[in-house]
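Student: Could you take me through one part of this model in detail? I would like to hear about a strand and its partners, and then about a pair of packed helices.

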Number of protein chains: 2
Amino acid sequence: MSPKGFTVWFTGLPCSGKSTLAWMLQKQLKEINLPVEVLDGDEIRQILTKGLGYSKEDRNENIRRIAFVAKLLTRVGGVAIASAISPYRDTRDWARAQIGNFVEVYVNCPLEVCIQRDVKGHYAKALKGEMQHYTGISDPYEPPLHPEIELHTDQESLDESIHKLLDGLAARNLIAAARKQQAGPTDWKL
Amino acid sequence: MSPKGFTVWFTGLPCSGKSTLAWMLQKQLKEINLPVEVLDGDEIRQILTKGLGYSKEDRNENIRRIAFVAKLLTRVGGVAIASAISPYRDTRDWARAQIGNFVEVYVNCPLEVCIQRDVKGHYAKALKGEMQHYTGISDPYEPPLHPEIELHTDQESLDESIHKLLDGLAARNLIAAARKQQAGPTDWKL
C-alpha cells in the first residue's frame, strides 16, 4: 500500500501565527521523512493567483486553487500544509470535501493581540482606512465550528502549539499512515 | 529513502495526441501503483489559470503554473504528467530547470495530420481566421531540440507510442526509483 497523504489546513486572522506554525510543522514532519509542502497563501498569490484581489469572490478563487493543489499532493501520498486566512466557512468546507483527508486547524488568537503583532503594518493601515477588505477590520472572519485542532497562540508557546499539532495528527493515525513504507527516525525533535 | 518523483512533460501541436498519451500513460503507471497525476493544459485553464488568454505572455503564465504544481508533486515523490502545447522552447526549458527530474516528450505529428484530426474544430476556425493565436496556424510552435523521448503519432499505434514511453522512462531508471518501497505487480499490461 502506498503511504497515505493528508492536508493540514491552517485558518485564522492575519498575524494569528498561521505561517509560523505551518513552516515549523513542515520542519518537524521533514525530520521524520514525510514528503511535505507548505502552500502559503501569500506565496501562492505570487504564483497561482497573481492578479486576484480580496473581494469575497477573489478570496474564494484563491482558496479553490490552493485546495486543488493540496488535493493533488494528498492524492499522491504527500502532506500538504495550507496556510491561508480562508475567512469563509463554506469555502473551507468545500476544500475539505475536495481533499478528503483534511485536518482543519483553527489558529485562534484574539483580534487585539493580532493588531498588536501587526507584522506587516497592515492592521494599522486598515484601521486608518488605507487598506480595504482587510479581514478582522473591514472584512469578515468566520471561525470554524468544529475544527479538528484549535490552537491559542496568545496563550501557548510555539513549542506547545507544535506539540498539540503533532499529537492531534498522531491521534488521528495520520502520521503513522503517511510514514508507512517511509524510512527514517521515529522520534520528532523539538 | 523516499520514492523519487518525476515529471513527464508532453509538448506538441494541438491534436498531436498529447492528452490521449498522457491519460493512457497515467493508466499504465497506476497499474504498477505509482502515485500519478495528469496536469492537462485544458483542464488547468479551468482551474488554475482561469481568465488567461493565448498571448505569448498568458501562455507562458499558464505553463509556469503547471510547472509549479508539477514541481511540488515531483518533490513529494509523485509522478506528474503534464500535457500542454507549451509552444515556447525557453518556457519549457524554464520548467525543466524548476522541476529537475524532467522528461520532455515531443509528440511529433505533421501539421497536416493534426489539421485532419481537428477534434474540436478549432483548426478549421483558425484557418478561416475565426480563432486568433492558434498554435500551428497563427501562432508559432518551437519543437524541442533534444527531447528525452520523441513520438510519431502519425506513424505509430497508441500501443507502440506507450511502449516507447515506458521503455524511455525505464531506461532512465525513473520507474524503478519511483517504485522503490511501493508495493505492487511488476509487469505493466497493455
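Tutor: Happy to! This is a predicted model, so local features need pLDDT of at least 70 and side-chain atom pairs count only at pLDDT 80 or more, while totals for chains, interfaces and linings use all residues. Residues are numbered from 1 along each chain as its sequence is written, and chains are lettered from A and ligands numbered from 1 in the order in which they are written.

Let us start with strand β4 of chain B, residues 102-108; strands are DSSP E runs of at least two residues, and helices are H or I runs of at least four, numbered from the N terminus. Of the 7 residues in β4(B), 6 are buried (20 or more other C-beta atoms within 10 Å of the residue's own, with C-beta atoms placed from the backbone). β4(B) runs parallel to strand β1 (residues 6-11) of chain B, joined by 5 bridges; pairing requires at least two DSSP bridges. Here B:Val103 of β4(B) stands opposite B:Val8. β4(B) also pairs in the parallel sense with strand β5 (residues 149-152) of chain B, over 4 bridges, and B:Asn108 has B:His152 in β5(B) as its bridge partner.

Now for the helices. In chain B, α3 (residues 56-75) and α4 (residues 89-99) pack with axes 9 Å apart at an angle of about 20°; axes are lines fitted to C-alpha atoms over the stretch in contact, and angles run from 0 to 180 degrees between N-to-C directions. α3(B) and α4(B) are therefore roughly parallel to each other, the term for angles under 35 degrees. Among the residues making the contact are B:Ile63 and B:Ala67 of α3(B) and B:Ala95 and B:Ile99 of α4(B), where contact means C-beta atoms, placed from the backbone, within 7 Å.

Methods
A residue is buried if 20 or more other C-beta atoms lie within 10 Å of its own, exposed if 12 or fewer, and partly exposed in between; C-beta atoms are placed from the backbone. Angles under 35 degrees count as roughly parallel, over 145 as roughly antiparallel, 65 to 115 as roughly perpendicular and the rest as oblique. Two residues are in contact if their C-beta atoms, placed from the backbone, lie within 7 Å.
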